[in-house]
Structure formats: structure tokens, C-alpha cells
Amino acid sequence: MTIRKAVIPAAGLGTRFLPATKSTPKEMLPVVDKPAIQYVVEEAVAAGLLDVLMITGRSKRTLADHFDTVPELEAILEAKGETERLALVRHSSDMANVHFVRQGQPKGLGHAVLCARHHVGAEAFAVLLGDDLIDPRDPLLTEMIALQERVGGSVIALLEVDPEQVHLYGCAAVEPVTDGAAGGGADGAAGWPDEVRVTGLVEKPDAADAPSNLAVIGRYVLHPAVFDVLERTPPGRGGEIQLTDALATLATMPAEQGGGVHGIVFRGRRYDTGDRLDYLKAVVRIAVDRPDLGPDLRAWLIEYVSTLQR
């Protein structure tokens, strides 16, 4: 299947960022000078996915506004000759065909993905979560799409984490790929190859019950069979329909029914914007790599850190 569409769930309330998110969607919080959601859309576009569907909820209209044209602002910038800022404004509305559908009730990530069924149809598609920003120098999504087109089924992104942190994530049970269907890649520091076959998934297990230290992070390339599975998936942890539970079912299904799940173990640069401290770290890390901001910011950080008391 040729993958053309991306789905971005963006219906969460962002309660960890209150009061900032009382009237502003958490996806619109700035990471340096762009809202977090724009980085995610740019990643999808860089992987060749120009058809983007956002799953939103109430009080999320500014998402649509951001990816729409603003003729009045564009006219003002053009009249002033501010061509660079004009290009930045137009970029967000020109880079992709962005569509929106509302998730009527917050029934979980699995339900949010199910809301995309009519738009996606019978095609494989990507799902990108906004809390994980992947550095554009690490083309994770492109690699996942290539793997799915090669082996079929679904592909998820995995990250080695401290075993004590496994309870914060969905966790994968895996085995090496031994039949040549996917490239094994180089072994990681913990012995995990770059590509693995997923045999099971558990949502936020206790450390003692975790099948591995491989956590599922917010990138998926899914076979359309996931929709039928989600329709049959009962509410799980937290009373929500969990995408992890549907993927666990897909991992046990035969390939001719759209089953099978592979994982790519990601070793690149990831910026977590899921809580306040990680969000601040993400802003700093991205800013210091910017050629326009990095040199001055790095110099200031070095000077500032030297004044801190341990």
C-alpha cells in the first residue's frame, strides 16, 4: 500500500499545562517560535504525507485558524515588504491539505484513531502524536513507512527507557526478525536490533510485569485492519479504548488479514513536550540548535549555569 495520509490526534484537554491551556490548546503552545503542532505536520510532510487529518475537540478552533490563510495579515506584511515573515505565515497554510474532524467524547487514543476511518478508508496511514517531537535530522517516520511498505502489517516506534520509567508508557514484547522479511540492522547498546517483530503490548505495566524496556512512542504506521479491531476493542485502562490493546490484537492476527506488527527502535533525537519540565527542556534543546538563536543562547546558558548553586 502506498501511504499518503497522516492522522494527528489533538483532542486532549492539556490539563498538565493549566492555566495556560484554559483557552489555548496545548498543541498551540509555542516551541521557540512555532506551535508544537506545526512541527508534527512538518514531519508528516517531510515523509511525503500531504493529506493530514486532525482529530480535535471543543475549544480547538485555533488549530484550524493556524493552518488557514490570513489575507489581512498577509496583505499587511506584503505592503511592508516583510517577505521573510510573509513566507513563514504562508508556509503553515500551504504545506499540506489539513482536514479536521471532532472526537465527540474523550474515549481514548484508540477511539480518536477510529474517528479517522471515513477519511482514511482502506489505506495504510500514519498516526503522529503531538507530545513527541522528532528532530527532522532523524527521519523516523520515513523509515517506518518504508518498513511497512516492505513487510505489510503495522509498524510502531519504540524507545529504550529506564525500566523504572516503563510504567509511563505502553510496553512491547518483541523478538528478533529472523525470516529476512525485515532488515535486522545494528544492535543497540542493550542488544535490541533496529527492527523487531512485536509479539505483544501492555499499556503502562508495573516495572516487574513489563515484557521489555522498549516503550511505544507516538509514531505509528497502521494497516487499515486496525479499524475493525478498534470497533471490537472494549474500554481498557482508564476506561478508554486503548490503541495499545488493538495493536496487541493485530500482533496475533495472520498477515493476510492485515495482522503483524513490527517495531523500529529509535535512537535519534526526540523532544518530549508532554509535561512542563520536559516541555521546557524541549524548547531549550531546539533553540540551541537554531543557527539564528543557538550561539547567543548557548553562551548565555553557560554563563547562567555557572552562577547556579548546587
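Student: Is Lys 204 buried, partly exposed or exposed?
Tutor: The model is predicted, so local features need pLDDT of at least 70 and side-chain atom pairs pLDDT 80 or more, while totals for chains, interfaces and linings use all residues. Residues are numbered from 1 along each chain as its sequence is written, and side-chain values use heavy atoms, without hydrogens and water. Buried means under 20% relative accessible area, exposed over 50%, and partly exposed in between (1.4 Å probe, protein chains only). At 35% relative accessibility, Lys 204 is partly exposed.

Student: Where is Lys 204 found?
Tutor: Strands are DSSP runs of E, at least two residues; helices are runs of H or I, at least four; both are numbered from the N terminus. Lys 204 has a positive phi of about 50 degrees, although it is not a glycine. Its place is the loop between β10 (195–203) and β11 (214–222).

Student: What is the phi of Val 32?
Tutor: Val 32 lies in the loop between β2 and β3 (34–35). Val 32 is partly exposed, with a relative accessible area of 25%. Most residues other than glycine have a negative phi. For Val 32 the value is positive, near 65 degrees.

Student: What is omega at the bond between Leu 18 and Pro 19?
Tutor: Pro 19 sits in the loop between β1 (5–10) and β2. Most peptide bonds are trans. The bond joining Leu 18 and Pro 19 is cis, with omega about 5 degrees.

Student: How many of the eleven residues of helix α1 are buried?
Tutor: Helix α1 covers residues 36–46. Its buried residues include Ala 36, Tyr 39 and Glu 43. Helix α1 is largely enclosed by the rest of the structure, because the buried count is nine.

Student: Which elements do the buried residues of α10 pack against?
Tutor: Helix α10 (276–288) has 13 residues and reaches 19 Å from first C-alpha to last. The expected span is 18 Å, from 1.5 Å times one less than the number of residues. Tyr 279, Ala 282, Ile 286, Ala 287 and Val 288 are buried in α10. The buried residues pack against β2 (30–31), α1, β7 (132–134), β13 (270–272) and α11 (294–306).

Student: How far apart are the C-alpha atoms of Lys 281 and Val 198?
Tutor: Lys 281 is in helix α10. Lys 281 is partly exposed, at 44% relative accessible area. Lys 281 and Val 198 are 83 residues apart along the chain, and their C-alpha atoms are separated by 31 Å.

Student: Which residues does His 111 contact, leaving aside neighbours within four places in sequence?
Tutor: His 111 is in helix α5 (109–114). His 111 is buried, with a relative accessible area of 15%. Contact means heavy atoms within 4.5 Å. With those neighbours left aside, the partners are Gln 103, Gln 105 and Ile 241.

Student: What is the relative accessible area of Pro 136?
Tutor: Pro 136 is in the loop between β7 and α7 (140–151). Pro 136 and Arg 102 are 34 residues apart in sequence and 29 Å apart in space, C-alpha to C-alpha. Pro 136 counts as exposed, and its value is 79%.

Student: What is the radius of gyration of the chain?
Tutor: The radius is taken over C-alpha atoms; the globule rule is 2.2 Å times the number of residues to the power 0.38. With 310 residues, a compact globule would have a value near 19 Å. The chain agrees with that, at 20 Å.
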